[in-house]
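User: Hey, could you walk me through this model? I'd like to go topic by topic.

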Amino acid sequence: MSVPEDEIVQFDNVGLRYGTDREVLSNVSFTLYPGRFYFLTGASGAGKTTLLKLLYLAQRPSRGAIRMFGTDVITLPRERLPAYRRRMGVVFQDFRLVDHLSAFDNIALPLRVSGVREADLLGPVTDMLEWVGLAHRAGARPATLSGGEQQRVAIARAVIGRPDMLVADEPTGNVDPEMALKLIRLFEALNRLGTTVVVATHDVHLLRKVPDSLIMRLDKGRLSDPTGALRYPPRRVGAGE
Amino acid sequence: MKKPPVLARAAERGLSPFSGRRAAHLLPQARLGGPMPWVIAIMVAITVLAAGGGLALDNLADRARGELAGSATVQIVEADPQLRARQAEAAATILVQDPEVAGLSIVPQEAVEQLLEPWLGTDDLEDAVPIPALIDLRLRDGADEATLQRLRSLLADRAPAARIDAQAQWLAPVLSALSALGWMAVGLIALLAFTGAAAVWLAARNALGTNRDTIEIVHLLGGSDDQIARVFQRSILTDALAGGVLGLLIGMAAVWLMGAQFSALDSGLVSGGGLENTDWLVLALVPVGAVVLAVYTARFTVLASLRKML
């Protein structure tokens, strides 16, 4: 099956089960397009985090096919996965900052992993710290940062490499409404620069904050598509149906 | 909040090495540290001692073999002193004409009696037991059994009481014991290498477990197995270098002291077991081998563990 170049992600009948338990994700099929803003909603335990893990290549499904950036990532040898992970930025629900690294070093980590020279990363990391309002906390360790500050460091780390796709798992779950709105505005700004954004949230109020967003809804491991923009087999968004 | 900075794809997307101090800083607890430099130092010191001992024994055996290779002893075992003397003269006359014989000397009877004095006392030994006449024989192409057999048959008529034995035969059990000790040293070195590799394996697995969260994060940020393995390699390299140098110094000092002690014994056999310059060079290479072994053990351990992660 040929995949149009501008389809960034395709899930085809994907299922995931742990051991012999029932499937936590079942028959999940959708496409994601570049430069769009997606919300993944659903109640707690609906499978949002599991679906995101498949998206950011932390897990392989039990069945089905997943294509990312035009490549079948299910059969991809694991030594080729890093190149695909570098095209994504991930904001984990629990931030997953490296405890013994400063805010600066945490944000610089994706660039260092990508082999950017120290001299070349100083400027971008400093800019990013300013962008998330943490320039004054550059040398602080995560343990000394507030929840909101940690959240912003995690976001800065996710976007520093200008990923093709940003995946954020409940990024507003640990912050007050004001900070949640700021974070969403930050994602929108990044989205306007061309990055596809996928935000998992169970906060339905957040959905209204991004008018052009598309919504995926998970219910007990099954995906519904209230906006009709995610259907599979793929078609261009806005091509009319 | 300001607009996000335009990084112009600052992150190069190709796989590239993640190295240097910053890489080492990534996993501070990956430093296998703690006792590891000391463990490696002890391993290297014992290995240097074992290798030094093995090389000294090998040198000792080589020199002994070299000295005895062309030597044989003719004994005239005859109770009648006149007949014994005649047979010794006849044997010497026959042997000196043989092209295989490079030289010979009849050991004076007084010298033989002096040799036996500690065991038989100072009384007239000839009256106590018949003392054989001895001829020291030096052969051109070694004292192999075929040559000795031919010489025996030459003497059979005119010196029927003559017995010819290669001198190496007397020392064969000693040389065999030296060889066994040499192999024991090789075995000990192999065991030490295995134990050292096992210690590094355990330490690397422990460090992996301690840093599992960070490794997962690095993986999810696009870090490759090779990049993570390099961080651990760098860590063990530092430990192994420190331990190796310390162990070499301790081991070398111990070998030198042992050598000095044995030299002071002034025994002909033991003093032949000194170390050559090349032997000292071999000992100096022991920590290099230890470092290579430690680094590759850490690398393979880390890579094998990472393969279990996606």
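Analyst: Two residues are in contact if their C-beta atoms, placed from the backbone, lie within 7 Å. One caveat is that this is a predicted model, where local features need pLDDT of at least 70, side-chain atom pairs count only at pLDDT 80 or more, and totals for chains, interfaces and linings use all residues. On labels, residues are numbered from 1 along each chain as its sequence is written, while chains are lettered from A and ligands numbered from 1 in the order in which they are written.

User: How many helices and strands are in the secondary structure of chain B?

Analyst: Chain B has twelve helices and four strands. Those are DSSP runs numbered from the N terminus, with helices being H or I of at least four residues and strands E of at least two.

User: And what percentage of chain B counts as buried?

Analyst: 35% of its 310 residues. Buried is 20 or more other C-beta atoms within 10 Å of a residue's own, exposed is 12 or fewer, and partly exposed is in between, with C-beta atoms placed from the backbone.

User: At what angle do H2(B) and H7(B) pack?

Analyst: Helix H2 (residues 36–68) and helix H7 (residues 167–210) of chain B meet at about 165°, and their axes are 9 Å apart. Axes are lines fitted to C-alpha atoms, for helices over the stretch in contact, and angles run from 0 to 180 degrees between N-to-C directions. H2(B) and H7(B) are therefore roughly antiparallel; under 35 degrees is roughly parallel, over 145 roughly antiparallel, 65 to 115 roughly perpendicular, and the rest oblique.

User: Which residue classes make up that contact of H2(B) with H7(B)?

Analyst: There are 24 nonpolar, eight polar and two charged residues. Nonpolar covers Ala, Val, Leu, Ile, Met, Phe, Trp, Tyr, Cys and Pro, charged covers Asp, Glu, Lys and Arg, and the others, Gly among them, are polar.

User: Switching to chain A. How are H3(A) and H4(A) packed?

Analyst: Helix H3 (103–113) and helix H4 (118–131) pack at about 130° with axes 10 Å apart. That makes H3(A) oblique to H4(A). The contact includes A:Phe104, A:Ile107 and A:Leu111 of H3(A), plus A:Leu121, A:Val125 and A:Met128 of H4(A). By class, the contact of H3(A) with H4(A) has ten nonpolar, no polar and one charged residues.

User: In what order do the four strands of the open sheet in chain A run?

Analyst: The order is S2-S1-S4-S5, with antiparallel pairing. Strand S2 (25–32) and strand S5 (71–72) stand at the edges with a single partner strand each, so one side of each has no neighbour in the sheet. Two strands pair if DSSP finds at least two bridges between them.

User: How many bridges join S1(A) to S2(A)?

Analyst: Five, with A:Gln10 opposite A:Thr31 in S2(A). S1(A) and S4(A) also pair over five bridges, and there A:Phe11 stands opposite A:Ile66 in S4(A). S4(A), residues 63–68, is joined to S5(A) by two bridges, with A:Met68 opposite A:Thr71.

User: What lies across S1(A), S2(A) and S4(A)?

Analyst: Helix H1 (48–55) of chain A, running at about 125° to S1(A).

User: Last one: where is A:Lys220 found?

Analyst: A:Lys220 is in the loop between strand S9 (214–219) and strand S10 (222–224) of chain A. A:Lys220 counts as partly exposed because it has 14 C-beta neighbours inside 10 Å. A:Lys48 is 172 residues away from A:Lys220 in sequence but 9.6 Å away in space, C-alpha to C-alpha.
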